[in-house]
Amino acid sequence: MNKSNDEQLDVLDSAILKARIGQLDNAAASLAMFGNSGYLAAKDVNLAAKGFGITRGTRVYPRGDRRTIVKITKPELIGVRRKIYRHRDAENYTKVFRRVDPMTNVKESFKFAGNKIGYLGIATTVGGDIYHGVNNGESTSEIAGNVTGDVAVAGASIAASAWMGAQAGAYIGVFGGPLGVVAGAAVGLVMGVVVTAFLSEFKIMDVNNDGKTDSIGDAIKIGTTGIIDKVSSWFKG
């Protein structure tokens, strides 16, 4: 076998290794977000098992104004005292309203205090990207692209899980008791897994014309790497 063939095999082996590493990175991101969604769902199911329930309703005032009313059974289980909260309480009692208001839940899910496990999952994924990149000779731009892609997927997963979880909790919660809590937990878990899998694993296009289809997460990684390389080239020579 001549040198040319050896070089071709080296290039092929490198490409296969990089593809497998990319698959592992995507799997790690999926596992981290699945673990976060599962943890949050388990917490809510445990609360429901203890009798915690929350219901969002509407009260019509004499002038015709419609205002949100939230009623809770066993409020002490989430560290609050009152059983009834009104719309004006939303900003001060986010731990209550995040369970029935999608936007409040999304905002709280992106705060470290409200989602430590989610941030731990992201940190683990980012650490894995950097570790694999350094140990497999990836360029700085490739590592940065992988980190950006995985963080984007994680963010989308957290947002979708929080939004749909609160929606389900609010709608099913009208039947009373812990049903809304369990429904919100289940829907949030499913949405987190579905969004992560779709963005990371579902291959829909060949972004860089290498003959292989890429996921949206892959596209973000490839695009970010390309942008960094392009900008870097402006400052060379």
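Contact here means heavy atoms within 4.5 Å.

**View 1. The predicted model as a whole.** This is a predicted model, in which local features need pLDDT of at least 70, side-chain atom pairs count only at pLDDT 80 or more, and totals for chains, interfaces and linings use all residues. Residues are numbered from 1 along each chain as its sequence is written, and side-chain values use heavy atoms, with hydrogens and water left out. Among contacts between residues at least 6 apart in sequence, 54% join residues at least 24 apart. The protein contains seven helices and three strands, where helices (H or I, at least four residues) and strands (E, at least two) are DSSP runs numbered from the N terminus, and their order along the sequence is α-β-β-β-α-α-α-α-α-α. Of the 237 residues, 36% are buried, buried being under 20% relative accessible area with a 1.4 Å probe and protein chains only.

View 2. The three strands form an open, antiparallel sheet in the order 1-2-3, with strand 1 (53–60) and strand 3 (84–86) as the edge strands, each pairing on one side only. Neighbouring strands of this sheet are turned by 25° against each other on average, direction ignored, the angle being taken between axes that are lines fitted to C-alpha atoms, for helices over the stretch in contact, on a scale from 0 to 180 degrees between N-to-C directions. Strand 2 (residues 66–73) is joined to strand 3 by three bridges, and two strands count as paired if DSSP finds at least two bridges between them. Lys 71 stands opposite Ile 84 of strand 3.

**View 3. Helix 3 against helix 5.** Two packed helices are described by the angle between their axes and the distance between the axes. Helix 3 (residues 102–109) and helix 5 (residues 140–172) pack at an angle of about 145°, with their axes 8 Å apart. From helix 3, Pro 102, Met 103, Asn 105, Val 106 and Ser 109 meet residues of helix 5, among them Ile 158, Ala 162, Trp 163 and Gln 167.

**View 4. Thr 225 in helix 7.** Helix 7, which covers residues 216–234, contains Thr 225. The helix has 19 residues and reaches 27 Å from its first C-alpha to its last, close to the 27 Å expected at 1.5 Å a residue, the expected span being 1.5 Å times one less than the number of residues. Thr 225 has a relative accessible area of 13% and is therefore buried, and the other buried residues of helix 7 include Gly 217, Ala 219 and Thr 224. Leaving aside neighbours within four places in sequence, Thr 225 is in contact with Ser 141, Glu 142 and Gly 145.

Notes:
Buried means under 20% relative accessible area, exposed over 50%, partly exposed in between (1.4 Å probe, protein chains only).
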